[in-house]
Amino acid sequence: MQEVTMEAAVEEANWDAALHAVERNNGAPGPDGMRAKELRDHLAKHGEGIKAKLLRGSFEPSAARRKEIPKPNGGTRPLSIPNVLDRFVQQLLLQIMQPSFEPRFSEASYGFRPGRSAHQAVRAARHHAQEGRDWVVDMDITKFFDHVNHDILMAQVSCVVKDKRVLKLIGRFLRAGIVLPDGCKVSTEEGTPQGGPLSPLLANIYLDQLDKELERRGLKHVRYADDCNIYVSSQKAAQRAMESIKEWIAKRLKLQVNVEKSGTGRVWERKFLGFILTIALLIAISPQAVAKFKDQVRTKWDARQSMTSEEMRDQWRNYQRGWWAYYGKAEDRKSVLRLSGWIRRHIRKCFWLRWHNAKGRRAAFVRLGIPPSRVDIAHSSRGAWRMGRHPVMQEALNNRRLKRYGFITPSDLAG
């Protein structure tokens, strides 16, 4: 295994791989406005100087741009967007550090690791339940990424990384600060900002201590980043584990468990990564994920959007395919498949409204092959939602036609 040194970081193959990774990931520009597509030319001009600074240990990262992104369940999550050059340097470090840390990580850790996924984590959870551990301790750490203790983290990193230049650079990234939307710069005394390539690895290094403690206690668990579930065989065992681990996290990791979002229960009562296990221990889409999906249907088929019908279709199709790529892996998909007719009704309702008036609706019906003798419904004063299931609307925009033109639903993707 290659030693983690600054020489390894700036070695040509690692340098080229990092450049390709940043270009591939693209992403928004940081405070300096440089875009990923400009990085290659920048390195062609200044690369040797950047290498020299890295080897001397004098490279200074810049503050990252803070952006609040909406969370699915309401509220916002702070995202820190580093300058493209800083993302590149973080990528250099990630590529030489990950091979050294990966073998040390727990088998129960699935988040942000090569060859591992959320679906594997859910299947591992199901395996524990099948073995009789169908009580779960569902722990939510309060704003984990914002409260990572730098001293504890750097002590963990230094167990593997011995090059002081690498350690100092990681510390500088942690303390680089953020630029708020109003232009003010704020220092960062704790936390590992979400948004840079190195942050997920640092999070796994920090929480590896939790994995090892749970394994030392003989507790079966599954962790995906800061989502950690413990699986036990009784309610009392779950309550004991919750209290003792909560105290350990506060004492050893300097973090707090969110008591409002955490809890114990049977596996079919607590969601994990958007999924839930049924009483029959089948992997199903959680009710919360289905509710958010329905909200997106209403939003994306709102007729008042200033988009063409084709743009609305493409927006919906992209969202639907991305959503299905993740949630379509569920074994029990009935809760979503039965929404297909409801989704088509929303689409038809949207078209009814976007045809504006009786004249526009008559023209649309004729264009869609409805005989003139049956287009009088264009004058109907019924609400758009009722008209979405009218037989003439269903004939004009029948299931086959909607699918052919890309207005897909879960049942289309399920085959």
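## Domain organisation

Domain bounds, as used here, come from an automatic or database domain assignment. For this predicted model, that assignment gives domain 1 as residues 6–275 and domain 2 as residues 286–412. The centres of domain 1 and domain 2, taken over C-alpha atoms, are separated by 40 Å. Contact between the two involves nine residues of domain 1 and 10 residues of domain 2.

## The antiparallel sheet and its helices

Strand β3 (residues 135–140) runs antiparallel to β8, and four bridges join the two. Within this pair, Val136 of the model stands opposite Gly265 in β8.

## The mixed sheet

A further open sheet, also of four strands, has the order β2-β1-β4-β5 and mixed pairing. Its edges are β2 (76–81) and β5 (185–186); each has a single partner strand, so one side of each is left without a neighbour in the sheet. Strand β4 (residues 178–179) pairs with β5 in the antiparallel sense over two bridges. Ile178 stands opposite Val186 in β5.

## Packing of α2 and α4

Two packed helices are described by the angle between their axes and the distance between the axes. For helix α2 (residues 12–25) and helix α4 (residues 84–101), the axes come within 9 Å and cross at roughly 125°. The two helices are therefore oblique to each other. The crossing in which α2 passes α4 is right-handed.

On the α2 side, the contact is made by Asn14, Trp15, Ala17, Ala18, Leu19, Ala21 and Val22. On the α4 side, Val84, Arg87, Phe88, Gln91, Leu92, Gln95 and Ile96 take part. By class, the residues of this contact comprise 10 nonpolar, three polar and one charged.

## Packing of α11 and α14

The axes of helix α11 (residues 287–300) and helix α14 (residues 340–354) come within 10 Å and cross at roughly 20°. Angles under 35 degrees count as roughly parallel, and α11 and α14 are therefore assigned to that category. Here too the crossing is described by its hand: α11 passes α14 in a right-handed crossing.

Phe293, Lys294, Val297 and Arg298 of α11 make the contact with Trp342, Ile343 and His346 of α14. These residues divide into four nonpolar, one polar and two charged.

Gln2 is found in the segment before α1 (6–10). Leaving aside neighbours within four places in sequence, Gln2 is in contact with Ala8, Ile96 and Ser100. One of these, Ile96, is also among the α4 residues that make the contact with α2. The C-alpha atoms of Gln2 and Tyr110 are separated by 24 Å, and the two residues lie 108 residues apart along the chain.

How values were computed. Residues are numbered from 1 along each chain as its sequence is written. This is a predicted model: local features need pLDDT of at least 70, side-chain atom pairs count only at pLDDT 80 or more; totals for chains, interfaces and linings use all residues. Side-chain values use heavy atoms; hydrogens and water are left out. Axes are lines fitted to C-alpha atoms, for helices over the stretch in contact, and angles run from 0 to 180 degrees between N-to-C directions. Angles under 35 degrees count as roughly parallel, over 145 as roughly antiparallel, 65 to 115 as roughly perpendicular and the rest as oblique. A crossing is left-handed if the near helix is turned anticlockwise from the far one by less than a right angle, and right-handed if clockwise. Contact means heavy atoms within 4.5 Å. Ala, Val, Leu, Ile, Met, Phe, Trp, Tyr, Cys and Pro count as nonpolar, Asp, Glu, Lys and Arg as charged, and the others, Gly among them, as polar. Two strands pair if DSSP finds at least two bridges between them.
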